[in-house]
Amino acid sequence: MAEAKTTLKAAKVSKRKATTGKKSKKTKTKLSKTENVVEIKQAVDADAKIEIVSTTRHKRVAAKAKEKASMEPVEVPEIAKMRLTDVSGVVYDKPDYDAMVAMYDSTIQDIKEGEIVTGTILGLSREDVIVDVGFKSEGIIPMEEFTTEAEIKVGDSIEVFLEQIEDSNGQLILSKQKADFMRVWDQIREIHDSGNVVVGKIIRRIKGGLVVDVMGVDAFLPGSQVALRQVPDFDALLNQDMEFKIIKINKARRNIVVSRRMVLEDERQSMRDDLLSDIGVEQIRKGVVKNITDFGVFIDLGGVDGLLHITDMSWGRIRHPSELVSLGDEIDVKILDIADKTSRISLGLKQMSPYPWENIEEKYPISKKVTGRVVSITDYGAFVELEKGIEGLIHISEMSWTQHIKHPSKIMNVNDSVEAVVLSVDKENEKISLGIKQMEPDPWATIDEKYPIGKIITGKVRNLTAFGAFVEIEEGIDGLVHISDMSWTKRIQHPSEVMRKNDTIDVKVIKIDHDNRRISLGLKQLEEDPWSEIAKKYAVGTECLGTINKVLDRGLIVDLEGDIEGFVPANQLGMEEQTDPTKIFKEGEQIPHQVIEFDKTQHKIILSVSAYYTKREKTELDEFLAKHSSDTSTSVADAMPEELKQIAKKSAKESSDDTD
């Protein structure tokens, strides 16, 4: 039978091999009708060979079976009893062996992955804790899963989570954190859903926040949820027990996020409601400085913030609120106002002390001499603190009787102690005007005695302007020499034609204005008014010769004798058509003319060339006009009559003799 099975098996194998061979040959042949016929024939031949091989093997196996059946059986000695021995060679009986196996089985618990089991701490390594959970091998837990080393003691029982029964080293993989999380998960979820608070302990600091131990599980406290305001030092919060709210949970990722800020906000809202129901205007409350700005201070009144404006911090002047308070200071403030709609609270600090402007007129009567400290300097004056909350202004105009002060800082500085006189008091607007020049006698009160009108004094030219020159007659007192008071006869265009800055000159006092504190001085008044004599010399109708001093488009200014000037209008130049004199005449030329107008009061002499030639022959006028029609550089003296030329020469000779 065995031989038959063997033969059949061989036949099957041979047929499979043959089929495989047939397939391989079939793969190699080309797909044509002729080749298909050949392939089929080869397959039939292979099947015939397999049958032959199978028959031969069957016969060989059958022969061996007959041969084995004819052999005599071999006797094997019987073993009376099977005995078990341990490594040491100790022989165990069946009852002992069964007892030992039962005892071993009792030490191995039926545990499964994903369950919480109880284990015993067997030992510690540098990075792991070795725990026995009753399995054939011990488990390991990373040291970092324990909050503190104090809770790791050999022999203690702990609950752990079985992550994996065997790793690549055949050890159990355990987790204490997962066990803690699984054990309290339901409770944490219930607290989260209900919105209740939970007590936790801040154990360490990490990036972005802190780690909090909540019911034995690590939770994350973001930095933005630590407090109502920014905390400068997180390390100061370590190892502190606080109340938190669970704001986010994720079981799959074992993620718990808590917030301390939400607890504080709830507490503040509760305190705010209680405070608003109890607070009132004019009450005095304690508060803590929460924030300082340029315009004031925010005070935490215990759940409600109030604004202490900078104007309500002191009766006196302060530049910034930080001069009086600092962050975290506890101060007493008065409730000034509570807005009905917004519940905004306005606070006051200066209202805690008496109003310093009460009875101010009695404390600082007018003309009283006072002493104070300069607290501020501006372009228009200086503020002086007379006492706490009381300041007075010394205007720049009240700093000196005589000096021209450009800025108060030229004579005083901040924190300087100064003496002043009270000039006025305005209680309603809380203003006091002070003066320091009033500490000395007013020099203008006796100016008439020192500088009576007509007195000749010597002064120094301090400044030149377009309208005159300021002359200092004593320190701090200047007089003005107007440009019209510099010469009797010449028309001065600018004071620099007569004097220079820092020149020492003699002047005469001609007017004193007490109201405007001005002194008018004169330079020409040092001489007698020559116009009485000039009026006789240059009466209307007088003919004379003059030198062109200035050529204007409206006429000519000519110099006469003795620094006297006359004016020839353009329509009096003897020309039928009025032309521009600047294109015909030049400075330095001499022309004849006749006085047609004399104004002694205004000191004016009006001259005319046309009037002069009306008494002459027409040929003389034509000659004058011809000289100025084309060649303007030719002197007009050539066109003058001979008798006028002789007069001009005689006049020039007399002037030369006077100079010698």
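Terms and their grounds

Reply: The buried residues of α5 pack against β8 (197-206), β11 (241-250), β12 (255-259) and β13 (284-292), where contact means heavy atoms within 4.5 Å. This is a predicted model, in which local features need pLDDT of at least 70, side-chain atom pairs count only at pLDDT 80 or more, and totals for chains, interfaces and linings use all residues. Residues are numbered from 1 along each chain as its sequence is written, and side-chain values use heavy atoms, with hydrogens and water left out.

Me: Which residues of α5 are buried?

Reply: Val263, Leu264 and Leu275 are buried in α5. They cover an arc of only 95° around the axis, which puts them on the same side of α5; the arc is that of the directions from the helix axis to the C-beta atoms.

Me: Why does Gly139 count as buried?

Reply: Buried means under 20% relative accessible area, exposed over 50%, and partly exposed in between (1.4 Å probe, protein chains only). Gly139 has 0% relative accessibility and therefore counts as buried. Gly139 lies in strand β5 (residues 139-142), and among the residues it touches, leaving out those up to four places away in sequence, are Val129 and Leu172.

Key: Helices (H or I, at least four residues) and strands (E, at least two) are DSSP runs, numbered from the N terminus.
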